Every structure is written in structure tokens, then in C-alpha cells.
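Here is a short briefing on one protein model. Look at the structure first, then work through the points by topic.

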Amino acid sequence: MAPSVEIRVLTTPQELFGAAAEEVVRTVNEAVSERGRFTIALSGGSTPKSLYNLLATNARSTLPWEQMFFFWGDERHVPPTHPDSNYQMANEAMLSKVPVPPGNIYRMATENPDAAAAADAYEKVLRKFFQLGPDGVPRFDLILLGLGPDGHTASLFPGTAALQEKSRLVVANWVDKLKAYRLSLTLPVLNDARCVTFLVSGTDKAAVLKSVLEENVPGEQYPAKLVRPEDGKLIWLIDRGAASELSSKG
Ligand code: 6PG
């Protein structure tokens with residue numbers, strides 16, 4: 001079943017993060033009222049930081065943090081105290097400022113020097129939390145994603161082995177241009193979510209966004225194109241700068 005795809009262009013980055021916060025709050029309340037809990041995989045990089053700040057301020061007293069469970073879509077192979085850590089960014093911007101029980105936060109244990117072992121360990125965490133059998137795939141309520149200038153998303157980089165993964169939920173993906181491993185949820189997990197929301201801001205993303213949304217380019221080269229939730233929503237929240245090369249600028 002083709003996902004319902006929504007592309008929303010917001011005028012400014014502030015409006016973009018405001019709309020993203022509203023979308024998160026709406027999805028949280030829907031999930032908690034229907035299923036008693038909300039599960040989210042957070043994105044890393046720099047773009048979502050403003051969203052996390054907004055949720056930690058404007059929604060601090062309204063969100064049901066005890067019923068919210070936090071995971072990550074990907075992580076750099078660094079300890080949680082490292083400045084490049086996606087966990088650390090989200091913790092500083094949001095999780096350390098809100099009344100979420102520490103037991104509701106499931107970070108990738110990337111302090112483990114063995115990246116493959118860290119990926120396997122996180123897969124076990126997911127299988128236990130979502131009570132999955134050997135072939136089960138977790139169905140997140142919301143997965144937040146960003147878009148790299150090369151078309152990567154999460155840590156699914158162009159031409160990397162992780163793009164071929166069909167059964168594992170989490171992989172240690174060697175990224176040659178970074179000369180480093182990244183841990184990433186795989187496409188089967190991203191495409192099993194109830195809702196996937198991309199946040200894309202700034203003119204430096206305009207060319208790649210046009211390729212991903214409007215051009216017939218292979219997913220192998222633009223992995224964000226491979227994110228198509230089978231039975232879920234796909235939402236692109238983008239600002240004017242990022243939309244500046246789209247034929248429909250919104
Ligand atoms: C990461 C991210 C990655 C990110 C894009 C965009 O760990 O870096 O998860 O996929 O979303 O690289 O990054 P910016 O938001 O910093 O442009």
C-alpha cells in the first residue's frame with residue numbers, strides 16, 4: 001500500500017519547528033489515547049535540536065512524558081558524553097529538561113568499541129520492548145528523520161551495505177567517507193512505522209531535496225527515497241529555503 005505522502009512548506013525555520021512540535025504533540029496524544037503509550041525514534045544531526053527545545057519548553061507541562069518511550073534512528077560510534085553523540089544532543093535539548101522516567105529512554109550503547117555488537121545489543125532491546133519474535137519488526141508511532149546533503153537519512157548513506165539489509169533491525173554501517181561506523185535502524189524498521197516525518201531546513205538542502213522529491217534518481221544514491229512506510233504516513237516538513245528548488249514551492 002503506497003504511503004500517504006504529505007509535503008508541507010513552512011515559511012521560516014521557526015514556523016517549521018512550530019509545525020513539527022504540533023505534529024509530535026498530535027501524534028503523542030493519538031497514540032496514548034489509542035494504545036496507552038507513544039514510541040518515537042529520534043533523529044540526530046543539527047536540524048531537530050530546535051524541535052526538541054520547543055517540546056521541552058512549550059509542551060513540558062502538557063505532554064504525558066511517563067507514557068512516552070524514546071529510541072534513536074541512528075547514532076555515531078562515540079560514547080554518550082561525546083559532542084557528536086545524537087543521544088547527548090537530544091538529552092541536553094529535551095530529555096534532561098522534562099519529567100520522562102529514565103527507564104523510558106533507550107539509547108544505543110555506542111560506547112562499546114565493537115560497533116556490530118552494539119547494533120546487535122540494540123536489536124535485542126527493540127525485540128524485548130516491542131515483544132517481537134525472531135521475524136518481527138517494531139512499529140514505531142513516529143520516526144523523525146533528517147536529510148543529509150548527499151541524500152542520506154538516519155545513517156543510511158549512499159552506496160553503503162545497510163541499504164541492502166532486509167531482516168536485521170539495527171546495523172553497524174561502515175561509512176567510507178567518514179572512515180567510521182554508524183549505527184542505524186534499517187529500512188524494514190523505517191518502513192514499518194505508523195508515521196515517518198522528515199525535517200528539512202535551509203537552502204543547503206534545496207538541491208538534494210529536489211532530487212529526492214522530484215527526480216527519478218535511484219534510491220541507492222539517494223537513500224531518503226527508499227523511506228516509504230508501507231502502511232503509514234510520510235510527512236515532509238520543510239522550510240522555504242529547503243523548498244527553493246522545488247517546482248511546487250508551497
Ligand atoms: C545524523 C543524522 C543524520 C542527519 C542528517 C542531516 O546522525 O547525522 O541522523 O541522518 O539527520 O545528516 O543532518 P543535519 O540536520 O545536521 O543537516
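Helix α3 is mostly covered, with 6 of its 8 residues buried. Buried means under 20% relative accessible area, exposed means over 50%, and partly exposed lies in between, using a 1.4 Å probe and protein chains only. The model is predicted: local features need pLDDT of at least 70, side-chain atom pairs count only at pLDDT 80 or more, and totals for chains, interfaces and linings use all residues. Residues are numbered from 1 along each chain as its sequence is written, and side-chain values use heavy atoms, with hydrogens and water left out.

- Helices (H or I, at least four residues) and strands (E, at least two) are DSSP runs, numbered from the N terminus.
- The buried residues of α3 are N86, Y87, Q88, M89, A90 and A93.
- Their cover includes β2 (38-42), α2, β3 (68-72) and β4. Contact here means heavy atoms within 4.5 Å.
- S85 caps the N-terminal end of α3, with a side-chain oxygen 3.2 Å from the backbone nitrogen of Y87.
- A polar contact is a pair of N or O atoms within 3.5 Å; within protein, one must be able to donate a hydrogen and the other to accept it, and residues adjacent in sequence count only if both atoms are side-chain atoms.

**Helix against helix**

- Two packed helices are described by the angle between their axes and the distance between the axes.
- The axes of α2 (residues 49-57) and α3 (residues 86-93) come within 8 Å and cross at roughly 35 degrees. Axes are lines fitted to C-alpha atoms, for helices over the stretch in contact, and angles run from 0 to 180 degrees between N-to-C directions.
- K49, Y52, N53 and A56 of α2 meet M89, A90 and A93 of α3.
- These contact residues divide into 5 nonpolar, 1 polar and 1 charged. Ala, Val, Leu, Ile, Met, Phe, Trp, Tyr, Cys and Pro count as nonpolar, Asp, Glu, Lys and Arg as charged, and the others, Gly among them, as polar.

**The sheet**

- Three strands form an open sheet in the order β4-β7-β6, with antiparallel pairing. Two strands pair if DSSP finds at least two bridges between them.
- β4 (74-76) and β6 (170-175) are at the edges with a single partner strand each, so one side of each has no neighbour in the sheet.
- From one strand to the next, the twist averages 25 degrees.
- β6 and β7 (residues 180-185) pair over 6 bridges in the antiparallel sense. W174 has Y181 of β7 as its bridge partner.
- Helix α4 (residues 115-129) packs on the sheet and touches β6 and β7. Its direction makes about 155 degrees with that of β6.

**S184 in the sheet**

- S184 is in strand β7. It counts as buried because its relative accessibility is 0%.
- A polar atom of the S184 side chain lies 3.1 Å from the backbone nitrogen of S155.

**Aromatic pairs**

- Rings of Phe, Tyr and Trp (its six-membered ring) pair if their centres lie within 6.5 Å; planes under 30 degrees apart count as stacked, over 60 as edge-to-face and the rest as tilted.
- The count comes to 12 aromatic pairs.
- W65 and F70 are stacked, at 6.3 Å centre to centre and 20 degrees between the planes. Both W65 and F70 are buried.
- F71 and F140 have ring centres 5.4 Å apart and planes at 75 degrees, so this pair is edge-to-face.
- F69, F71, Y106, F129, F130 and F140 form one aromatic cluster.
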